[in-house]
Amino acid sequence: MRTNTAIRLGSGAVGLLAIVALVGPLVSPYDPTAQALETRLQGPAL
């Protein structure tokens, strides 16, 4: 495994994606399905 560069790069990419998936909820703690229906028809704020 130490001699094959493709395996090392692939393992690194999978490891990086796993770290991003675990840290994602900490970076963005907001509910992705929440909706503010009472403010949907308002114009842009100044």
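A polar contact is a pair of N or O atoms within 3.5 Å; within protein, one must be able to donate a hydrogen and the other to accept it, and residues adjacent in sequence count only if both atoms are side-chain atoms. The model is predicted, so local features need pLDDT of at least 70 and side-chain atom pairs count only at pLDDT 80 or more, while totals for chains, interfaces and linings use all residues. Residues are numbered from 1 along each chain as its sequence is written, and side-chain values use heavy atoms, without hydrogens or water.

Start with the whole protein. The C-alpha trace spans about 60 × 20 × 15 Å along its principal axes. The protein has one helix and zero strands (DSSP runs, H or I of at least four residues for helices and E of at least two for strands, numbered from the N terminus).

Next, select residues 5-27, helix α1.

Go to Asn 4, which caps the N-terminal end of α1. A side-chain oxygen of Asn 4 lies 3.2 Å from the backbone nitrogen of Ala 6.

Move to Ala 21, where α1 has a kink of about 25° (the angle between axes fitted to the seven residues ending there and the seven starting there).

Ile 19 is exposed because its relative accessible area is 51% (exposed is over 50%, buried under 20%, partly exposed in between, with a 1.4 Å probe and protein chains only).
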